[in-house]
Amino acid sequence: MNVCRKSLQRLGLDYLDEYLIHWPVVDGQKSGSGPDPPLEGILDACTIRPAINQVEAHPYWRNDKLERGIHVTAYSPLGSPHTAGFFNREGTPVLSQDPTLCAIAERHGCSPAEVAVAWAVQRGTSCLPKSTKEEHLRSNLAAASWRLPEDDFQALSDLETQCRMLDGAWFLSPEGPYRTLEELWDTEHEVQTSSKE
Ligand SMILES: NC(=O)c1ccc[n+]([C@@H]2O[C@H](COP(=O)([O-])OP(=O)(O)OC[C@H]3O[C@@H](n4cnc5c(N)ncnc54)[C@H](OP(=O)(O)O)[C@@H]3O)[C@@H](O)[C@H]2O)c1
């Protein structure tokens, strides 16, 4: 809350529509404490419920368990192709090359990116596809109002490959507070899995 007040002060405002806490990890050296409580801990303690939860979400990382009445907005909804090999490990599968996604795109005469946007919105999330190209910005925006046929939607919702593109490994340190990815993400079900492993 103090940090939010400082941001308001710096911005010269007294109200923000949305205040996004980006990667809410703790710095062990600064705080001297262990990892912060997970989302459940925040919900128990808060007086104002978070309105939006921004997480990685796309057909290769559905994050299905993140409901709880808080709107989910997807980052890296296209599978973050431009960060491949930089933020993720070698061998991480590439969403835009997924055969199911590519076949659906081909059938509808559009790009895998547009299908991924349509899928994200159809499942009830919002999404933030990034692009440096006007044509992509326009086509991604248009795809947000498409509706995929149910079997295509379901096929993407059932992809076996589940793998974070941005796993946060750069926060791990032998000194803690995050020694392993399981500690960072605090739930066992979020450990990286891939059908290609
Ligand atoms: N909260 C967080 O921790 C967090 C972490 C990561 C990202 N984010 C947010 O999420 C946003 C998007 O995530 P992201 O940048 O990781 O990945 P992304 O949106 O999944 O992928 C962006 C890539 O997709 C390409 N692309 C976009 N539209 C396309 C289209 N229609 N056809 C073909 N390629 C297309 C872009 O290339 P072109 O430029 O060539 O179109 C770019 O290389 C970021 O801007 C950021 O705001 C938040």
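**The ligand and its surroundings**

Helix H6 (residues 134–143) contributes the most to the shell around the ligand, with three residues; helices here are DSSP runs (H or I, at least four residues), numbered from the N terminus. The model is predicted, so to read it well: local features need pLDDT of at least 70, side-chain atom pairs count only at pLDDT 80 or more, and totals for chains, interfaces and linings use all residues. Residues are numbered from 1 along each chain as its sequence is written, and side-chain values use heavy atoms, with hydrogens and water left out.

In total, 22 residues surround the ligand, each with a heavy atom within 4 Å of it. The closest are Trp-23, Gln-54, Ser-131, Lys-133 and His-136. By class, the shell holds nine nonpolar, eleven polar and two charged residues, with Gly counted as polar.

Polar contacts (pairs of N or O atoms within 3.5 Å) can be followed one by one. A polar backbone atom of Lys-130 lies 2.8 Å from an oxygen atom of the ligand, and a backbone N or O atom of Gly-79 is 3.3 Å from an oxygen atom of the ligand. From the side chain of Asn-140, an N or O atom is 2.9 Å from a ligand nitrogen atom.

Turning to aromatic rings, there are four aromatic pairs, counted when ring centres of Phe, Tyr or Trp (its six-membered ring) lie within 6.5 Å, with planes under 30 degrees apart called stacked, over 60 edge-to-face and the rest tilted. Trp-23 and Phe-171 form a tilted pair, 5.3 Å centre to centre with 45° between the planes. Trp-23 lies in the loop between helix H1 (2–11) and helix H2 (28–31) and Phe-171 in the loop between helix H7 (150–157) and helix H8 (181–185), so this pair ties together parts 148 residues apart in sequence.

Methods. A polar contact is a pair of N or O atoms within 3.5 Å; within protein, one must be able to donate a hydrogen and the other to accept it, and residues adjacent in sequence count only if both atoms are side-chain atoms. Helices (H or I, at least four residues) and strands (E, at least two) are DSSP runs, numbered from the N terminus.
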